Amino acid sequence: DDELWTKCSCPDATIDRQQGLAPSARVAYLIAAHSKRTMTDAAYLVKKLIETASTGDIAIILIHIDRRVGTASRDNGVEDEGNTFLYDDSPLRKYVQSCLETPACTRNDKNGNIKDLELRNVTAPLLEVHSHFSPEWSKWSMNDPTLWAMDYLTHYPKLRPNKEDKGWDVFINLSGDTLPVVSAQRISQLFEPRKGPLGNTNFVTSKSCATGLLPTSIFEFPKGTMKRSHYFSAGMPKTLSFLDLHTGEWKEDEPIAVYFGSQWMAITPDFVEYVVRSLDHPNGLGRVLKETFLDKEVLMTDETFFATLLMNSQKFKDTLPKLNSEGALASYPTMRSLRYERMDENLPNAWGTYTSSDSLYDIPPKFEDATNGEGSARPWGPYFLGTYDLGAIRDSGALFIRKVSSTVDENLVNMLPVKKPSGDRLEWNVLPEIRWPKLGVNVRKPFVWRDQEEE
């Protein structure tokens, strides 16, 4: 395994991007890891992104390690609180170090400095590891790493060639236990701002979202479902007063519907900058919405904050995914979701009549050491994916899948990302039609979200 992580095989910087390669976006990635397992998973993710990109496809990869894990090193003998050198001993640290020590693979060196530019590949990504926050599940702090990264990207001078160019074209944040279905090169080409089918579009949902590629209004959920009842029982107001930063107009008691999406997104620089500005301004919608969420002590704000800002900002209406009659992306009809996940989050609750009766992967007990004692999946998921999910991944046309771990099913780790086949076939067509076996037993009547809505 050490040999796998001690060599950084980045793309050849001598490739002329005008020779047979489609134009591509410069992607800014944030990868979040919070445990021994997710750091191991993130090592595979970072390696697959760097080594399947073409030169110039990635602007920066920011890696955020939960402070409860920390990044203390055995070299200096200082431990962070609760740290047992999990990051220092991880394959993620070994691989990052190998890339930073390979001048052609990163713009920065192991000390974070950009120097000897004649020796370093200036089209290679910046690669940085940070540890600032300790997010708590379902609490506002889940947003902290993402908001920090947005602020960092907005103000980071090393990324900007000039004042007009932010230095990146799309921000994609990923959990460490994510895998790309297609190469980083293809992802970058799809998001190309001028002609890419996903360019200039804000994606803030995943496969588990009830309304697909578009966020779901809280009023669309059937009465009694967990998400709707939680926000209503918390007394979330239906109107807010704030300053519209686009027009300079004061909005008094403006109707603001809460929308559910995903904390994992692919969004434009303009929307990232708006999120930062609206949080910085004392009367911006972002600041007012955050303070309201905190005051009402609502949960799951990582799923609602960004989606609600996007859906209540008139300027960004045209950047929402445009769907065809079948719910797929009109500009890329094979894509029905940005990320494929398995979750039960739209069921009424996680303990009552409608808990999942589907077959699920879970962490085998024999991997307790590899996962640092991690237990089974939380109620609602997301659940681990494996070989039996390949057929559904194929159907979704998703660019990313989660949760994936070598400790659960290493087949997906070995298989993905898929190389583009020759001719007109797409990568998803290469995935085998392997699905969960039908047991022929109806355990209980399934919960059908749309049927409940109509009632």
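What we have is a predicted model, where local features need pLDDT of at least 70, side-chain atom pairs count only at pLDDT 80 or more, and totals for chains, interfaces and linings use all residues. Residues are numbered from 1 along each chain as its sequence is written, and side-chain values use heavy atoms, with hydrogens and water left out.

Seven of its seven residues are buried, so S1 is largely enclosed by the rest of the structure; buried means under 20% relative accessible area with a 1.4 Å probe, protein chains only. On one side sit Val-27, Tyr-29, Ile-31 and Ala-33, and on the other Ala-28, Leu-30 and Ala-32.

Who are its neighbours? S1 runs parallel to S2, residues 58–65, with seven bridges between them, and Ala-28 has Ile-60 as its bridge partner there. S1 also pairs in the parallel sense with S4, residues 170–175, over six bridges, where Tyr-29 stands opposite Ile-172. For pairing, DSSP must find at least two bridges.

A cavity here is a set of points on a 1 Å grid, over the protein atoms alone, where a 1.4 Å probe fits but cannot get out; lining residues have an atom within 4 Å of a point. The structure holds three cavities of 30 Å³ or more, with volume being the space filled by probe spheres set on the points, joined across faces, edges and corners. The largest has about 90 Å³ and 15 lining residues, with Pro-11, Ser-54, Thr-55, Ala-124 and Pro-125 nearest its centre.

Conventions: On a 1 Å grid over the protein atoms alone, a cavity is a set of points where a 1.4 Å probe fits but cannot get out, and a pocket is an open set with protein on both sides within 12 Å along at least five of seven lines; lining residues have an atom within 4 Å of a point. Buried means under 20% relative accessible area, exposed over 50%, partly exposed in between (1.4 Å probe, protein chains only). Helices (H or I, at least four residues) and strands (E, at least two) are DSSP runs, numbered from the N terminus.
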